[in-house]
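Keep the 3D view at hand.

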Amino acid sequence: MFYVRFALHLYTKFSNMAIELSQLVRDNIQKLKPYSCARNEFKGEASVFLDANENPMNAPYNRYPDPLQEELKGKIAKIKHIRPSQIMLGVGSDEPIDLIIRIFCEPKENNIVAIDPTYNMYKVCADINNVEYRPVLLNDDFSLDAERLLAAVDEQTKVIFLCSPNNPTANVLNHNEVRNVLNSFGGITVIDEAYIDFSSQPSWLTELDNFPNLVVMQTFSKAWGLASVRCGMAFASEKIISYLNNVKYPYNINTLTQRFVSEQLDHEERKNKWVEMLLEQRGILAEKLQTIPFVEKIYPSDANFLLVKVPDPEGLYNKLVNDGIIVRKRNNLSLCLGCLRITVGTEEENNILINELKQL
């Protein structure tokens with residue numbers, strides 16, 4: 001048994017608790033002979049390519065993209081201060097979420113534990129893969145109780161998903177509580193940091209070498225403003241990354257995406273200015289929302305959105321939609337009764353929202 005369920009107080013060092021990946025990975029994945037791309041078999045320089053049945057016309061788009069995105073990963077590695085071999089790129093973060101479940105969880109046998117409420121794609125991917133999903137309620141203030149989370153773990157639990165800053169609650173999970181999970185759980189712990197650029201708390205990327213079964217996910221969709229490009233990042237040990245690369249589709253990131261994202265990485269200062277602007281607008285928007293009489297509560301935020309409690313979220317949502325303003329209903333999620341999620345926009349967009357709310 002890789003998890004000592006009845007002795008949570010007897011935490012041991014991660015080096016003793018972590019299970020070898022070979023014991024966590026599904027047998028069929030261990031035996032998998034991954035598809036070998038033509039470009040995977042060749043390393044070096046060439047001027048004539050007659051290996052992949054490509055059309056010789058319409059260069060450079062006639063060629064298959066780099067299946068491992070080496071150049072782009074090199075740029076990312078410098079910005080993130082990690083090794084390129086610790087990076088897997090996916091079609092958004094949803095691809096690595098699905099891959100992690102497929103690699104480690106046997107359908108109808110293993111299970112996944114996650115905080116509740118949180119990003120819904122963890123459950124969607126679990127359901128698609130026919131893997132039991134066990135949600136564990138956060139505290140009333142949306143904080144994480146590691147002991148309660150770990151109590152849901154049994155010998156069939158392969159993966160824990162933690163979103164921090166969490167969506168839709170907008171808060172960073174307590175560092176010590178997360179560390180307790182990492183120290184106590186022998187399976188794969190995934191920390192989804194899609195909103196980390198908007199938080200003052202450090203990323204868990206610095207801990208990758210200390211926790212070999214840790215996966216950290218980030219994205220270009222939020223701070224970098226590239227949601228339509230669909231490029232997500234998974235960071236982990238070289239061994240975990242090798243499994244992700246073996247199971248992913250061979251050419252999952254196309255040439256246009258690789259080149260465009262690479263160009264955007266040359267403008268990190270611009271991204272940082274956008275983040276500063278959004279953080280400033282987040283504070284201003286929160287202050288203005290507090291002046292709206294029917295706004296009951298604005299929860300603290302470490303993300304680029306605010307969770308706002310109102311008496312009639314359904315009615316308010318419909319009124320805003322009728323006026324061309326779209327927010328997100330979160331009223332049906334655990335602990336989010338009466339809540340709408342409002343993304344921080346430009347000053348103009350935020351003012352349009354506030355002016356509309358004042359007229360209601």
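## A walk through the model

Strand E4 covers residues 157-163, and strand E5 covers residues 188-192. They pair in the parallel sense, over five bridges. One of the residues to look for is Leu162, whose bridge partner in E5 is Ile191. Keep in mind that this is a predicted model.

Helix H4, residues 70-80, packs on the sheet. Helix H4 touches E1, strand E6 (214-219) and strand E7 (232-235). The direction of H4 makes about 120° with that of E1. Helix H6, residues 121-128, also packs on the sheet. Its contacts are strand E2 (111-116), E3, E4, E5 and E6. The direction of H6 makes about 155° with that of E3.

Now take in the sheet as a whole. Seven strands form it, in the order E1-E7-E6-E5-E4-E2-E3. The sheet is open, and its pairing is mixed. Which strands are at the edges? They are strand E1 (87-90) and strand E3 (132-137), each of which pairs on one side only. On average, neighbouring strands of this sheet are turned by 20° against each other, direction ignored.

Move on to the other sheet. Four strands make up this open sheet, ordered E8-E9-E11-E10. Here the pairing is antiparallel. Strand E8 (297-298) and strand E10 (328-329) are the edge strands, and each pairs on one side only. E10 and E11 are joined in the antiparallel sense over two bridges. Arg328 has Arg341 as its bridge partner in E11. Helix H11, residues 268-289, packs on this sheet. It touches E8, strand E9 (305-309) and E11. The direction of H11 makes about 15° with that of E9.

How many cavities of 30 Å³ or more does a search of the whole structure find? It finds four. The largest cavity holds about 60 Å³ of space. Its lining is made by Leu289, Phe294, Val295, Val308, Val310, Leu316, Leu320, Leu340, Ile342, Leu353 and Leu357. Helix H12 (313-322), strand E11 (339-343) and helix H13 (347-358) are the elements that give two or more residues to this lining. The lining has 11 nonpolar residues, no polar ones and no charged ones.

The largest pocket is an open space. About 680 Å³ lies in it. Its lining counts 22 residues. Nearest the centre of the pocket lie Tyr64, Pro65, Asp66, Glu71 and Gln258. H4 and helix H10 (255-265) each supply at least two lining residues. Which helix gives the most? H10 does, with four residues. By type, the pocket lining divides into nine nonpolar, five polar and eight charged residues.

Along the principal axes, the C-alpha atoms fill a box of roughly 65 × 60 × 35 Å.

How values were computed:
Residues numbered from 1 in each chain as written. Predicted model: local features only at pLDDT ≥ 70, side-chain atom pairs only at ≥ 80, totals over all residues. Heavy atoms only, no water. Pairing = 2+ DSSP bridges. Axes fitted to C-alpha atoms, helices over the stretch in contact; angles between N-to-C directions. Contact = heavy atoms within 4.5 Å. 1 Å grid on protein atoms, 1.4 Å probe; cavity = no way out; pocket = protein on both sides within 12 Å on 5 of 7 lines; lining within 4 Å. Points joined across faces, edges and corners; volume = space filled by probe spheres on them. Nonpolar A, V, L, I, M, F, W, Y, C, P; charged D, E, K, R; others polar.
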